[in-house]
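The sequence and structure come first, followed by the description.

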Amino acid sequence: MIEMKRIAIIGNGISGVTAARHIRKRSAKYQITLISAESEHFFSRTALMYLFMGHMRYEDIKPYEDNFWKKNRIELLFKYVERVEGHRNTLIFQDGKELFYDELIIASGSQPKTFGWKGEELKGVQTLYSLQDLQKLEKNSKNVQRAVIVGGGLIGVELAEMLMTRGILVTFLVREPYFWGNVLPKEEGDLVSRHLRSHLHDLRLDTELDEILADENGSVRAVRTKDGEEIECQLLGLTTGVKPNIGFLKNSDIKTEQGVLVNKYLQTNLPNVFAIGDCAQFYKHPTGRNNIEQLWYSGKMMGETIAHTICVSPLAYQPGMWFNSAKFFDIEYQTYGSVNPFKADKELSLYWEDTNEEKCMRLVYDAEENNLLGVNVLGIRMRHAVIEQWVNNKMPIEKVVSELKKANFDPEFFTVNWRKIKNTFNDQLKQLVP
Amino acid sequence: MKELDENLSLSNGPPTQLSVLQKVSTFIGLFGLFVLLLATLNIDFPKKIIWLSISLIAITLGVFGFSYGLYANKSAGIKNNSVWSYSLTSRGLWAWLSGIVLTGFYIVLYFFPTYLGYNPDGSNSGLITLFDPLSIALSKNTASQWFVYGTLYTLAILVFGVKFIWKYRNNPYQRIRTFSVMFFQLGFAFIIPELMARLNNESFSLPYYDLKNIWPLNHYNFEQYRVDEFISAGTIGTALLIFGILSIFVITPVLTYFYGKRWYCSWVCGCGGLAETAGDSFRHLSDKSTFAWKVERWVIHSILVFVVFMTTAVVYTYLGYDADKYWLTKDIFLIGVVVVLSFVFVLLWVFKRKELKKDAKIGAIGYLTIIFALVGLHYSGLNDKVFIFEAETLRSTYGFLIGAVFSGVIGVGLYPIFGNRVWCRFGCPMAAILGMQQRFFSRFRITTNGGQCISCGNCSTYCEMGIDVKSYAQKGQNIVRSSCVGCGVCSAVCPRGVLKLENGKDVEESRYAEQPITLGNDGFKLNV
């Protein structure tokens with residue numbers, strides 16, 4: 001029998017798994033080895049919160065049944081890769097064993113980023129990213145009355161929601177003047193901040209962490225803010241962002257910076273080594289977005305792309321219109337296309353909000369060309385395919401406003417006052433264009 | 001590190017204290033049930049009308065108060081916190097206890113009704129007579145065990161319906177749908193048949209008829225005593241009989257074509273009504289494995305074949321005994337059945353063969369061959385019975401195994417163990433017919449919103465029919481499954497707004513086409 005070529009994939013998250021699945025779909029001739037030190041099987045990281053809140057069990061957040069991998073001949077290796085020796089195509093594991101590969105895909109994801117605060121190492125201080133973090137949280141949240149969360153992003157708000165289901169009083173510290181200030185425009189940020197305030201024990205905007213204070217047992221007892229205020233807590237969650245998880249590549253012959261450096265074909269400096277997902281850093285992003293794109297959907301697309309490159313022919317990574325979604329307690333958020341937190345040059349935007357219903361919509365369009373650039377919605381679901389078409393076809397804003405309802409994706413019988421939205425937008429259009 | 005500690009979500013658990021209101025409500029509700037228990041134990045209540053009212057009102061207030069404590073002080077939104085931690089909803093001790101009590105109730109109701117006070121030789125006593133005042137008010141007749149069951153069933157749908165509406169108050173689809181099942185249960189299943197019974201006298205009699213209960217769910221609708229009654233009741237009776245037949249061949253296919261089977265299963269049906277209201281807390285217990293799906297396909301379609309056999313044999317037996325009474329003769333009827341089945345088969349084979357999986361083809365051909373062989377055998381004179389067994393044997397076996405044990409004892413009794421739609425998923429022959437229509441001849445689908453699924457698993461977990469919804473959604477594929485009852489909970493619990501139940505403009509095959517790549521991955525457009 002002819003020895004099959006082996007593709008090794010480091011990381012069994014959405015990027016690595018998508019790559020493995022699509023390689024198998026396109027070709028039967030490779031041996032695929034999927035390696036992870038975090039979990040034996042792929043689980044949905046975005047669902048960790050639901051595990052903690054008791055909505056689902058661990059087996060429910062695995063996207064594929066356990067027999068899926070064998071059926072698709074994807075070999076699973078539950079091991080920690082300590083080193084990569086690119087010059088001899090070999091992975092070295094923590095247990096000293098080695099694995100030879102023909103092609104290597106690095107999809108090792110992210111790890112939490114903290115800022116070296118004094119007291120980070122104390123008991124009861126933790127981040128939230130991995131399965132292991134969640135297990136730690138189970139222990140740390142026992143007998144806790146008050147918790148503080150630092151970092152006004154998506155993981156922070158998830159952690160707040162999680163802890164509240166255990167009856168813990170949560171104080172949420174946000175550095176920006178409103179929630180998720182580096183992504184949301186002010187109006188949306190304010191709306192979400194108000195919603196958070198109605199759920200949380202305490203939301204502190206414009207507040208930064210200075211120091212973490214210990215009790216006599218070496219556990220966290222309080223935090224001090226930069227304003228000098230002390231806030232009591234027995235649990236501190238640091239959710240101040242993530243960075244590429246590439247520690248194991250130190251001293252290897254693969255070029256890295258913050259992430260693993262790749263060209264538009266997702267290829268590293270070694271021709272048979274690729275990097276995808278959160279851990280990849282483009283020399284120059286194909287569409288001019290951030291060179292590191294830490295997003296579920298990007299990971300998925302990179303996985304699909306790399307499978308084509310390996311099995312068929314080189315395919316450049318070319319993501320289309322940006323989209324993302326999230327949920328803040330009870331409010332769903334969707335964004336399509338380009339919506340900047342601060343008004344950019346040559347861009348105008350229309351904004352409608354229903355304060356009682358906690359719904360809003362923003363349309364961003366080009367000030368000169370007049371075409372739709374992006375959409376933000378809170379509390380309303382929109383149809384991805386329709387908006388993509390509008391943005392890609394550069395639909396004029398007036399036409400977008402008049403056809404908005406066509407892009408609605410709310411469940412049947414949900415009511416949105418489309419006429420009011422239309423009138424609001426038309427009024428704003430008149431004011432904006434003299 | 002090992003994969004994961006067992007019981008991850010259970011190790012710490014939520015705060016479980018009940019509020020004072022919930023404790024009081026539990027007491028009141030249990031008191032209501034206690035009165036029923038006393039009546040069952042033959043305690044003779046002096047003023048039945050008062051004690052019956054006290055009992056039913058106490059049960060109602062108990063559920064309302066408990067639900068108020070659960071939802072009133074929480075913001076509108078998804079309320080699934082700690083579902084997998086509570087004993088009652090995670091197959092713990094309380095789940096088993098309530099499962100045993102419920103199955104016990106069904107066993108007594110179906111097989112030992114004398115314990116409830118049923119007396120075949122004279123007047124009833126015990127629990128049954130407690131319901132006399134209500135029964136007499138509605139139909140002028142004293143209560144039977146079925147009246148007791150019907151009343152409690154309806155009450156369960158109404159009070160837990162209110163709880164459900166509270167829980168999903170952020171979601172108009174859920175609210176309206178629940179109003180609908182409450183309305184159809186109260187009006188069509190409970191009040192109208194009782195009022196119809198009021199019309200009965202010595203010269204005029206209609207069978208007890210829940211108009212929304214369609215054959216083959218209503219497997220006894222065409223039994224001789226009923227058909228005789230229909231026919232002898234003149235125009236009204238004949239109209240009802242024709243309505244029963246039209247429901248099968250016209251009303252059902254048309255509505256399912258436009259709206260999917262949800263118009264029935266989660267908007268009208270009584271079994272569905274109970275599952276959606278009283279059974280809502282157990283929806284996540286359904287088995288999502290592909291193995292369970294395989295079992296489901298064989299079991300539900302085999303029961304459909306069984307009910308077709310049974311009904312054909314029963315009707316065939318009584319046709320022709322009295323040539324004046326029935327214009328339909330035995331032969332025309334049997335040939336008619338063969339023609340209808342062949343028609344359905346050919347329709348599927350010609351237009352939808354590509355979409356039939358291997359086991360569906362084997363099943364369809366296999367069962368059709370068996371039916372034709374049996375009919376052929378009968379006509380060749382080798383067998384005087386149509387389907388080997390006596391029609392009465394088939395009828396009573398079906399009634400016992402499927403009508404009582406499966407739909408009642410297992411289907412409802414084991415809600416807390418196997419989930420709330422076991423009967424609808426594995427057993428209901430009506431669901432099997434509607435499912436075929438939905439899969440092949442309907443505009444209904446659940447649309448996946450482009451590439452936005454994050455594979456979190458909420459949709460699959462909370463699908464009461466055990467559909468692995470996310471396995472489609474994460475591929476960007478729409479969901480068109482025979483078993484989907486369109487309850488809309490997958491769409492409600494989706495944290496990214498990815499799923500939408502819709503009636504499209506057509507039955508186009510693209511409504512469930514697989515998407516090879518994530519929407520928005522433009523590299524493929526340019527290079528492939």
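Two strands are taken to pair if DSSP finds at least two bridges between them. On that basis, Y365(A) stands opposite L372(A) in β25(A). The model is predicted.

**Strand β24 and its partners**

Strand β24 of chain A spans residues 359-366, and six of its eight residues are buried, so the strand is largely enclosed by the rest of the structure. Eight bridges join β24(A) to strand β23 (residues 347-354) of chain A, and these two run antiparallel. Within this pairing, V364(A) of β24(A) is the bridge partner of S349(A). Strand β25 (residues 372-378) of chain A is also antiparallel to β24(A), with six bridges between them.

| Hairpin | Residues between the strands | Residue with positive phi | Phi |
|---|---|---|---|
| β23(A) and β24(A) | four residues | E358(A) | near 55° |
| β24(A) and β25(A) | five residues | N370(A) | near 75° |

**Helix α4**

Which residues of helix α4 (residues 131-140) of chain A are buried? They are L134(A), L137(A) and N140(A). Seen down the axis of α4(A), the buried residues fall within an arc of 120°, so they line one face of the helix. An α-helix has 3.6 residues a turn, so residues three or four places apart point the same way.

The cover over the buried residues of α4(A) includes α2 (48-52), β9 (125-126) and β16 (235-238) of chain A.

Key:
Residues are numbered from 1 along each chain as its sequence is written. Chains are lettered from A and ligands numbered from 1 in the order in which they are written. This is a predicted model: local features need pLDDT of at least 70, side-chain atom pairs count only at pLDDT 80 or more; totals for chains, interfaces and linings use all residues. A residue is buried if 20 or more other C-beta atoms lie within 10 Å of its own, exposed if 12 or fewer, and partly exposed in between; C-beta atoms are placed from the backbone. The arc is that of the directions from the helix axis to the C-beta atoms. Two residues are in contact if their C-beta atoms, placed from the backbone, lie within 7 Å.
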